Amino acid sequence: MVINLAMYHLRTIEALHRLRSFTLAAEDMQVSQPAVSRALAEAERRIGGRLFDRSTRSVVPTHLGEEVSAHAAMAVATYDEALSRITRHMNGDDGIVRVACLPSVTATLLPSVISDFRRDLGQVGLRIHDEPQENVAEKILDGTVDLGILALDSSIPPELEVEEVASDRLIAIMPSGHRFADRDELAWGDFAREKFIGFDSVTSIGPLVTHAFAKHDVDVDIVQTARSIPAVGGLVSAGLGVSVVPEMVVPLVKFEGIESVPISPAIDRTLVVVHRKRGPLPAVVERFRQSLLS
C-alpha cells in the first residue's frame, strides 16, 4: 500500500497538530477554513483513518494522528529548509564560490576581499586554488573553478571574459648594503651589471620581467631562478643577487636585510578576473566577482 499525500496535506496536518484549531491553522497557512477542512478530509481518506477528533471547541489528534503528525512535521521542515536554501542560492546568499588565482594574489589581494565578503555572507563556501599562471585559465575551462585571477597576457583564451582587478608596479629588491639600496629610483639598464635572481617562466612574474628587460635591451646575468616569491626573497636576502617583483608582494619578501627601490620607466603587472563567457554566473559567484571589482 502506497499513500500519496501532497505537501498541502502534510502542511494541514502539521498546522492542526501544532495549533489545535481550524481557524488558527487557516490563518497560519493563509488559506480559508473550508480549505483546511477539505485538505484534512482528503488526507484522512487517502490514509484510511481518522487523524483528529474535532468538535466546535477542540481539535485533538488521535493515536494515528500523533504518529502521522510527527512525520508531517519533519517533512514540512525539510521541505521549507530546501526552499529556503534554493531561495538563498538564487539570491546569491548561499552556495559555493570556487576561485583559482596566483599564489601572490592569494596572499595579498584576496584576504581583505574574503574578509569583507564573509562579514555579510559567512555561510557561503569559498574554495581557493593556488595555481601558477598557466593553470588558472585551464581550471576555468574544465569547470574546476568559477573564477580566476591572473596576470593579463596574450595567453588568456578568447572564451574567457576579462576584467581588470588591480595594477601592480614592478620594483627592485636587493640585500641591505647593496649599492642600489640607497637609490631613490633605478633604471632598467642598471641591472645589466648585476647578478639576478629570476622567476621561472611558469609564473606570471617571470615572462613579464623578461619582457621588460628585452624592451629596454638589457642582458641580465641570471644566477638562479625560483618559482615562489618567498624563495626568490630568500635568495636575495642571502646576497646571491637582486631581483624584480610586483610591489604588491613586497610584504611577502620582507626578510631581514631586504630593501626595495622603484624602477623607471614604470612597468605594471595588470591583474584580471576571468570567467567563462557562456551564460550568466551563479548569483553567489557574481556577488564575489563584484566584491573583487569594487
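The lining of the second largest pocket takes at least two residues each from α5 (103-107) and α9 (229-237). Helices (H or I, at least four residues) and strands (E, at least two) are DSSP runs, numbered from the N terminus. The model is predicted, with pLDDT of at least 70 required for local features and 80 or more for side-chain atom pairs, while totals for chains, interfaces and linings use all residues. Residues are numbered from 1 along each chain as its sequence is written, and side-chain values use heavy atoms, with hydrogens and water left out.

**Second largest pocket**
- A pocket is an open set of points on a 1 Å grid over the protein atoms alone, where a 1.4 Å probe fits, with protein on both sides within 12 Å along at least five of seven lines; lining residues have an atom within 4 Å of a point.
- The second largest pocket holds about 220 Å³ of space, a volume being the space filled by probe spheres set on the points.
- Its lining comprises 16 residues, and P103, S104, T203, R227 and S228 lie nearest the centre.
- Eight of the lining residues are nonpolar, five polar and three charged; Ala, Val, Leu, Ile, Met, Phe, Trp, Tyr, Cys and Pro count as nonpolar, Asp, Glu, Lys and Arg as charged, and the others, Gly among them, as polar.
- The second largest pocket lies between domain 2 (96-160 + 272-293) and domain 3 (166-271), because both give residues to its lining.

**Largest pocket**
- The largest pocket contains about 260 Å³ of space.
- It is lined by 20 residues, with Q133, A151, D153, S155 and S204 closest to its centre.
- Two or more lining residues come from each of α7 (133-141), β5 (147-151), α8 (205-215) and β12 (268-276).
- By class, the lining of the largest pocket has nine nonpolar, seven polar and four charged residues.
- Domain 2 and domain 3 each contribute at least three residues to the lining of the largest pocket.

**Domains**
- The domain assignment gives domain 1 (7-91), domain 2 (96-160 + 272-293) and domain 3 (166-271); such bounds come from an automatic or database assignment.
- The centres of domain 2 and domain 3, taken over C-alpha atoms, are 27 Å apart.

**Nonpolar cores**
- A nonpolar core is a set of buried Ala, Val, Leu, Ile, Met, Phe, Trp, Tyr and Cys residues joined through side-chain atoms within 4.5 Å, where buried means under 20% relative accessible area (1.4 Å probe, protein chains only).
- The largest nonpolar core has 36 residues, of which V97, L147, F288 and L292 touch the most other members.
- At least two residues of this core come from each of β3 (96-101), α6 (110-120), α7, β5, β6 (160-175), β12 and α10 (283-293).
- Leaving aside neighbours within four places in sequence, L292 contacts L110, V113, L147, I149, V165 and V273.
- A second, separate core of 32 residues has I171, F196, V209 and V253 among its members.

- The buried residues of α8 are I205, G206, L208, V209, A212 and F213, and their cover includes β6, β8 (195-199), α9, β10 (243-246) and β12.
- After α8 comes D217, with a positive phi near 55°.
- H275 lies in strand β12 and is buried, with a relative accessible area of 10%.
- Not counting residues up to four places away in sequence, H275 touches I140, D146, L147, E159, L160, E161, E163, L281 and R289.

Terms used:
Buried < 20%, exposed > 50% of the residue type's maximum accessible area, 1.4 Å probe, protein only. Contact = heavy atoms within 4.5 Å.
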